[in-house]
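Take a moment to look over the chain below.

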Amino acid sequence: MAVHLKSDLQETHEINVTPFIDVMLVLLIIFMVAAPLATVDLPVDLPASNAAPHEKPDKPIYVTIQGDLALALGETPVKRNDLVSTLDALLGDKSKRIYLRADSSVPYGEMMAILERLRAGGYLRVALVALDAGGKEQATP
């Protein structure tokens, strides 16, 4: 006795898009909720500066702001009032790049005050020095 089973079901070669649409709608809702949370609006009272950006330096000299807000020109301590005159005597050329290093505990306003003092003295080419991931100094013009 031979049994022949005949199937009326045929293979379909169409993609069922309903689960895809469901996943997309869930992702859309997640992004609609998360997008406003990704923007941060903090009120910050920034010091004013009207210095324009300039090109990279050749051989800079270091001005250092220490943690106790003392200034040093290279390795020599210098007073704030004498900073520009000491730079004038040392360099004689105001077009040279000055590297500004500051301790991480120095307030932002104090660093901007030194930058403004340098700008008022005619030193417009100032680069900020930071440590890279390897612990080496690098400058950001």
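Of the 141 residues in the protein chain, 21% count as buried. Buried means under 20% relative accessible area, exposed means over 50%, and partly exposed lies in between, with a 1.4 Å probe and protein chains only. This is a predicted model, where local features need pLDDT of at least 70, side-chain atom pairs count only at pLDDT 80 or more, and totals for chains, interfaces and linings use all residues. Residues are numbered from 1 along each chain as its sequence is written, and side-chain values use heavy atoms, leaving out hydrogens and water.

Now trace the chain. It has three helices and six strands. These are DSSP runs numbered from the N terminus: helices are H or I with at least four residues, strands are E with at least two. From the N terminus on, the order is α-β-β-β-α-β-α-β-β. Take the contacts between residues at least 6 apart in sequence: 66% of them join residues at least 24 apart. Contact here means heavy atoms within 4.5 Å.

Next, find strand 1. Four of its five residues are buried, so the strand is mostly covered. Which strands pair with strand 1? One is strand 4, which runs parallel to strand 1 and is joined to it by five bridges. Another is strand 2 (residues 71-73), antiparallel to strand 1 over three bridges. Two strands pair if DSSP finds at least two bridges between them. V63 shows both links. Its bridge partner in strand 4 is L100. Its bridge partner in strand 2 is L73. Strands 1 and 2 also form a hairpin, with five residues between them. In that turn, L69 has a positive phi of about 70°.

Finally, look at the rings. The structure holds one aromatic pair. Rings of Phe, Tyr and Trp (its six-membered ring) pair if their centres lie within 6.5 Å; planes under 30 degrees apart count as stacked, over 60 as edge-to-face and the rest as tilted. Why is the pair of Y62 and Y99 called stacked? The ring centres are 5.5 Å apart and the planes stand at 25°, so the pair is stacked. Y62 lies in strand 1 (residues 61-65) and Y99 in strand 4 (residues 98-102), so the pair ties together parts 37 residues apart in sequence. Y99 is buried, at 14% relative accessibility, whereas Y62 is partly exposed, at 30%. Y62 has a charge over its ring too: the charged end of R101 sits 4.4 Å from the ring centre. For this, NZ of Lys or CZ of Arg must be within 6 Å of the ring centre and within 35 degrees of the ring normal.
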